[in-house]
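Visitor: I would like to learn how to read a model of this kind, feature by feature. Could you take the general idea of each feature and then turn to the case at hand?

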Amino acid sequence: MQILDGKLVAQAVKNDLKIKVDALKEKGKKTPHLAAVLVGNNGASETYVASKVKTCVEIGYQSTLIRFDADVEEHVLLQKIQELNADDNIDGILVQLPLPKQVAEEKVITTIAAEKDVDGFHPANIGKMIQGQPAYIPATPYGILLLLEHYKIETKGKHAVVIGRSNIVGRPISILLSQNTPTGNCTVTLCHSHTRNLEAICLQADIIVAALGKPEFLTADMVKEGAIVIDVGITRVEDKTKKKGYAIKGDVHFETVAPKCSYITPVPGGVGAMTIAALMQNTYLAATQ
Ligand code: NAD
């Protein structure tokens, strides 16, 4: 069993980007600039945005954090996005999800200019991705592909089972794994909350991507020997023994599943770390193309 070390691979991606940014600086060119919009004070969202901003600093990007109170009116947020769209100094825009109920996520996503949509959620980018055209690929699926690529994992002809069909993880990774690319060519089964006989389907999988948000859901009896398991889940579970009062759990029961796997991602230190690296990669693209 080999651990797919997201921290290590993310660091390699970031180092590579830093070299490119240093080269831009030397030539007197503008460095990539990411604008992050955070609404409210959800603990997990605060943590994600803080680590995105910190990574920008590490690489040498410019970053701007724009905060709104949880009760912000939708039109105020949309107006801000339009301003960011029109600002030539901003290359990439991300709005941290989830958003409060009074704000329609689809409206926010479609208001971000497709060429600045470094999260890859805009329908124009999703459409291009489905057709295999150059596009911003959503950061978490893109991070998974970078991980597979780094460890030279052969995906061709394998049966990949994706659990979860969200627009940001499950559905895009199911499409990407099925495409005719070096990290694709899988036969993909996309499972969700209405899937029957999930255990039996998982037992047929060469690759399992668990992205359902249920801590330790995937257990050893659902995984065949030698499978590759990618754990996307991040859930805060109360744990009084921890300083913060919670532990981060993935969707995979790591202790029992790992011994059966050929490769597995840990949580933390797996897909989460890669997501930020992929976002940085998209931001570099946005600034330079
Ligand atoms: P979501 O809630 O939008 O979607 C969950 C999906 O899982 C749904 O499609 C649902 O049909 C499916 N599902 C739920 N229960 C199921 C069951 N019992 N059997 C089969 N399918 C079931 O979630 P999301 O936004 O895709 O996130 C999933 C998890 O990934 C969460 O823990 C989230 O925090 C995490 N996440 C991690 C990263 C990262 O960077 N690592 C990024 C995004 C999301």
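Guide: Let us begin with the ligand, where a nitrogen atom is 3.4 Å from a polar backbone atom of His 192; a polar contact here is a pair of N or O atoms within 3.5 Å, and within protein one atom must be able to donate a hydrogen and the other to accept it, while residues adjacent in sequence count only if both atoms are side-chain atoms. This is a predicted model, in which local features need pLDDT of at least 70 and side-chain atom pairs count only at pLDDT 80 or more, whereas totals for chains, interfaces and linings use all residues. Residues are numbered from 1 along each chain as its sequence is written, and side-chain values use heavy atoms, with hydrogens and water left out.

Visitor: Which atoms of Ser 193 and Lys 214 lie by the ligand, and at what distances?

Guide: For Ser 193, a backbone N or O atom lies 3.0 Å from an oxygen atom of the ligand. For Lys 214, an N or O atom in the side chain is 2.9 Å from a nitrogen atom of the ligand. The ligand on its own has 870 Å² of accessible area, of which the protein covers 73%; such areas come from the Shrake-Rupley method with a 1.4 Å probe, and for residues only the protein chains shown count as cover.

Visitor: How many residues surround the ligand, and which are the closest?

Guide: A residue is near a molecule or strand if one of its heavy atoms lies within 4 Å of it. The ligand is surrounded by 22 residues, and the closest are Arg 165, Ser 166, Lys 214, Ile 234 and Thr 275. By class, the shell holds 10 nonpolar, 10 polar and 2 charged residues, where Ala, Val, Leu, Ile, Met, Phe, Trp, Tyr, Cys and Pro count as nonpolar, Asp, Glu, Lys and Arg as charged, and the others, Gly among them, as polar.

Visitor: Which helix gives the most to the shell around the ligand?

Guide: Helices (H or I, at least four residues) and strands (E, at least two) are DSSP runs, numbered from the N terminus. Helix H10, residues 271–288, gives the most to the shell, with 3 residues. From its first C-alpha to its last, H10 reaches 26 Å over 18 residues, close to the 26 Å expected at 1.5 Å a residue, the expected span being 1.5 Å times one less than the number of residues. H10 is also mostly covered, since 13 of its 18 residues are buried, where buried means under 20% relative accessible area, exposed over 50% and partly exposed in between, with a 1.4 Å probe and protein chains only.

Visitor: How should I read the protein chain as a whole?

Guide: The protein chain contains 10 helices and 11 strands. Its radius of gyration is 19 Å, close to the 19 Å that the globule rule gives for 289 residues, so the chain is as compact as a globular protein of that length; the radius is taken over C-alpha atoms, and the rule is 2.2 Å times the number of residues to the power 0.38. The C-alpha atoms fill a box of roughly 50 × 40 × 35 Å along the principal axes, and buried residues make up 49% of the 289 residues.

Visitor: What should I look for in the backbone angles?

Guide: Most residues other than glycine have a negative phi, and most peptide bonds are trans. Here a cis peptide bond joins Leu 97 and Pro 98, with omega about 0°, and Pro 98 is placed in the loop between strand E4 (92–95) and helix H4 (105–111). Another cis bond joins Val 267 and Pro 268, with omega about -5°, and Pro 268 is found in the loop between strand E11 (261–264) and H10.

Visitor: What is the phi of Asn 197, and what is that of Glu 216?

Guide: Asn 197 has a phi near 55°, a positive value in a residue other than glycine; Asn 197 lies in the loop between strand E6 (187–191) and helix H8 (198–203) and is exposed, with a relative accessible area of 58%. Glu 216 has a positive phi of about 55° although it is not a glycine, is found in the loop between strand E7 (207–210) and strand E8 (227–231), and counts as partly exposed at 28% relative accessibility.
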